[in-house]
Amino acid sequence: MLDREGFRPNVGIILLNQRNQVFWGKRLGTHSWQFPQGGIDRGESPQEAMFRELHEEVGLLAHHVRVVARTRDWLRYEVPDRYIRRDARGHYKGQKQIWFLLQLTGNDWDLNLRATNHPEFDAWRWNDYWVPLDVVVEFKRGVYELALTELSRFLPRTLQRNRYLRSSMRGRDHAGADYVSAYRSGSMLVHPGVELPPGASFDPDPQPEADNPQVRPPIQ
């Protein structure tokens with residue numbers, strides 16, 4: 001279902017825990033990290049699609065979360081041709097998204113990456129709200145920045161003063177470099193005594209994309 005400009009209606013989900021950290025998922029078979037997202041089916045409202053995608057990708061139901069806010073308007077990104085099926089080129093241009101900010105009212109163990117037979121993620125973690133955008137596939141970064149910035153006004157003021165961790169900042173911000181390095185190496189992934197929810201994993205995919213060129217993240 002595309003609009004006249006070739007954009008598919010879509011929802012994005014920023015899920016907060018009680019410490020205002022966000023759910024951060026690793027795309028199945030890749031080294032790209034992202035928030036849950038998915039298309040809006042014909043006849044669905046954005047909120048209905050959000051709850052369906054929340055269950056399909058994260059395993060949560062409506063009673064596990066509280067809706068805090070949503071973006072006012074559609075946020076758009078274009079998808080490079082190399083990620084688009086040949087038969088869709090010239091028709092499909094990208095995604096237009098409504099983003100939702102949710103508060104987890106359930107528990108970590110309610111999350112389940114294997115809630116359906118078509119999982120989107122093979123690992124997840126809680127991350128600071130201002131996620132490192134350099135681990136997001138490049139063409140989505142602008143929308144992530146717009147969504148996080150618009151919805152940050154619903155967070156405590158202390159979090160609003162944080163900054164994005166980007167590759168461009170690492171040269172002049174030693175602390176940021178240490179954070180991203182630890183983030184990628186896995187040293188920040190698990191605290192002692194943490195019990196993983198069903199289907200969760202903190203082990204990165206051992207096969208780099210360069211060694212497996214056939215692996216390419218499917219476009220939602």
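These are my notebook entries on a predicted model of one protein chain.

**Ground rules.** I number residues from 1 along the chain as its sequence is written, and my side-chain values use heavy atoms, with hydrogens and water left out. Since this is a predicted model, local features need pLDDT of at least 70 and side-chain atom pairs count only at pLDDT 80 or more, while totals for chains, interfaces and linings use all residues.

**Confidence.** I looked up pLDDT, the predictor's confidence in each residue from 0 to 100. The chain averages 78, and 70% of the residues score at least 70. Residues 164–197 fall below 50, and this stretch has 50 contacts (heavy atoms within 4.5 Å) beyond near neighbours in sequence. Residues 199–219 are also below 50, with 38 contacts of that kind in the model.

**Overall layout.** I found five helices and eight strands, taken as DSSP runs (helices H or I, at least four residues; strands E, at least two) and numbered from the N terminus. Along the sequence they follow β-β-β-β-α-β-β-β-β-α-α-α-α. Among contacts with a separation of 6 or more, 74% come from residues 24 or more positions apart.

**Surface.** Of the 220 residues, 48% are buried; buried means under 20% relative accessible area, exposed over 50%, and partly exposed in between (1.4 Å probe, protein chains only). The accessible surface comes to about 11,800 Å², with 47% belonging to carbon and sulfur atoms. That area is from the Shrake-Rupley method with a 1.4 Å probe; for residues, only the protein chains shown count as cover.

**Cores.** Next I checked nonpolar cores, meaning sets of buried Ala, Val, Leu, Ile, Met, Phe, Trp, Tyr and Cys residues joined through side-chain atoms within 4.5 Å. The largest has 31 residues, and Ile14, Trp24, Phe35, Trp99 and Tyr129 have the most contacts inside it. Strands S1, S2, S6 and S7 and helix H2 (141–151) each give two or more residues, and H2 gives the most, with five. Leaving aside neighbours within four places in sequence, Trp99 touches, among others, Ile14, Phe35, Leu75, Val143 and Leu151. A second, separate core of 20 residues includes Ile98, Leu102, Leu104 and Leu111.

**Gln34.** I then turned to Gln34, which lies in strand S3 (residues 33–34). Gln34 counts as buried because its relative accessibility is 2%. What does its side chain make a polar contact with? I found the side chain of Arg27 at 3.0 Å and that of Lys140 at 2.9 Å. A polar contact is a pair of N or O atoms within 3.5 Å; within protein, one must be able to donate a hydrogen and the other to accept it, and residues adjacent in sequence count only if both atoms are side-chain atoms.
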